[in-house]
Amino acid sequence: MSMYWCEYAWLPDGVAEGVRIEVVGDRIASVERDLPRAGTILNGLTFPGFANTHSHAFHRALRGRTHHERGTFWSWRERMYELAERLDPDSYYRLARAVYAEMVLAGYTSVGEFHYLHHAPGGAGYDEPNVMGQALAAAATDAGIRLTLLDTCYLTGGFGQPLSRHQSRFGDADAAAWAERARAFTPAGEQVRLGAAVHSVRAVPAEQLPTVVEATGGLPLHVHLSEQRGENVDCLAQHGRTPTTLLSECGVLGPHTVAVHATHLTSTDIGALSRTGTKVCFCPTTERDLGDGIGPARALLDAGVGLCLGSDSHAVVDAFEETRALELNERLAGEERGRIEVGELMAAGTRHDAIGWSEVGELAPGAGADLVTVDLDSVRTAGTEPGGALYAASAADVREVMVAGRWVVQDRGHRLLPHPAAALAREIGQLWE
């Protein structure tokens with residue numbers, strides 16, 4: 001058993017002072033407040049670990065490289081395809097390990113990897129069909145973060161269109177072939193779990209969707225939904241219904257499902273997400289980077305839809321920036337402050353159950369022992385009330401991170417990958433040579 005005394009801690013009912021947390025193995029055994037200093041001292045404010053529920057690890061190599069001549073979402077996508085062709089299992093492992101280390105340093109203790117980079121360039125299968133997924137699992141383990149591999153079904157290049165040359169390494173022959181390959185992946189280690197994903201209604205034909213749902217068997221199931229208005233227009237032209245309605249009719253929506261982005265929804269769409277118990281994952285920093293728009297967070301919350309958060313393309317990796325952006329974006333859209341309460345923000349930022357880690361996400365007895373301690377004396381947080389730190393702190397203020405009872409970050413340094421910035425620079429530089 002290990003005992004930690006937190007100067008301040010964010011408990012389920014808010015911030016408390018003088019909190020003692022006892023950890024046994026990978027679980028929190030007890031939480032007591034208003035106690036004198038004892039055990040290992042954690043000065044600052046200790047949060048439960050944050051959940052990054054939507055990640056494309058290889059997109060990190062696009063940061064700062066897609067703004068030439070202004071660009072659009074679609075020109076960004078062409079650059080992404082160019083990058084995807086340059087990766088092999090070894091380079092994917094090295095890049096993802098550094099990206100996951102960056103996430104832990106930023107306060108994330110779990111990640112849902114929306115994984116569609118399955119095959120070799122040109123679409124040829126590797127001798128080991130899931131070698132790219134195995135590279136991600138090894139990278140997460142070596143970076144000390146919990147991983148849910150969301151193996152993604154990706155079959156077409158658009159409504160009624162074949163996969164392009166660039167997309168060929170993403171695709172399987174059909175949903176049945178995808179399911180056979182995905183089921184063959186065996187998670188290695190206690191910090192890796194398996195989920196599934198439908199890339200989008202553009203990339204999986206409607207008649208194939210029920211096969212994907214049947215194959216998931218209650219695993220987390222994620223899907224890109226209405227990120228761009230063009231997707232809605234094309235879906236209405238092809239099917240005479242919105243993407244949300246199409247997914248609902250095909251059985252994709254439900255309590256194990258997370259709709260990613262959900263930026264451009266009708267009131268009927270919001271009702272369908274609520275009625276089916278589907279969660280929604282916003283990725284605010286990527287959505288603003290790509291000019292997607294501002295999703296209807298308050299309307300979804302009012303309808304009873306659970307929200308979670310991801311850093312998606314990793315234009316920014318900062319759990320605090322991503323979390324407070326829910327409220328800040330609502331302020332811009334609604335021209336009003338206080339649209340989303342801080343408790344609702346924390347619930348969204350720590351919703352690990354969206355990627356199958358239901359035991360993680362709060363500082364409470366029996367919960368997984370994931371702790372994130374931030375500095376309250378930096379130039380960003382000095383003078384801030386502890387309860388306001390969610391609005392003031394950044395990834396640079398993260399001092400310690402524990403994942404499953406093990407310290408991965410101490411004194412702002414990553415214990416498993418000592419020089420993650422150098423690793424990122426090296427791997428990204430080699431990919432673009």
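Helix α1, residues 73–84, gives the most to the lining of the largest cavity: 5 residues. This is a predicted model. The lining of that cavity holds 19 residues in total. Phe 73, Trp 76, His 199, His 224 and Glu 227 lie nearest the cavity's centre. By class, the lining residues of the largest cavity split into 8 nonpolar, 7 polar and 4 charged. The space inside the largest cavity is about 200 Å³. The count of cavities of 30 Å³ or more comes to 3.

Now turn to the largest pocket. About 300 Å³ of space lies in it. It is lined by 22 residues, and the closest to its centre are Leu 11, Pro 12, Thr 350, Gly 361 and Glu 362. Helix α12 gives the most to this lining, with 4 residues. Three elements each supply at least two lining residues: β1 (2–11), β2 (14–24) and α12 (342–349). The lining of the largest pocket has 11 nonpolar, 7 polar and 4 charged residues.

Strands of a sheet pair through backbone hydrogen bonds, either parallel or antiparallel. Here 8 strands form an open sheet with mixed pairing. Their order is β3-β2-β1-β4-β13-β14-β15-β16. The edge strands, β3 (27–32) and β16 (413–414), each pair on one side only. Look at β4 (residues 40–48) and β13 (residues 371–374): they run antiparallel and are joined by 4 bridges. Pro 48 has Leu 371 in β13 as its bridge partner.

Finally, consider two aspartates in loops. Asp 312 sits in the loop between β12 (307–309) and α11 (319–334). Its phi is near 50°, a positive value in a residue other than glycine. Asp 411 is found in the loop between β15 (406–410) and β16. Asp 411 also has a positive phi, about 50°, although it is not a glycine. Asp 411 has a relative accessible area of 67%, so it is exposed, over the 50% cut-off.

Conventions
Residues numbered from 1 in each chain as written. Predicted model: local features only at pLDDT ≥ 70, side-chain atom pairs only at ≥ 80, totals over all residues. Heavy atoms only, no water. 1 Å grid on protein atoms, 1.4 Å probe; cavity = no way out; pocket = protein on both sides within 12 Å on 5 of 7 lines; lining within 4 Å. Points joined across faces, edges and corners; volume = space filled by probe spheres on them. Nonpolar A, V, L, I, M, F, W, Y, C, P; charged D, E, K, R; others polar. Pairing = 2+ DSSP bridges. Buried < 20%, exposed > 50% of the residue type's maximum accessible area, 1.4 Å probe, protein only.
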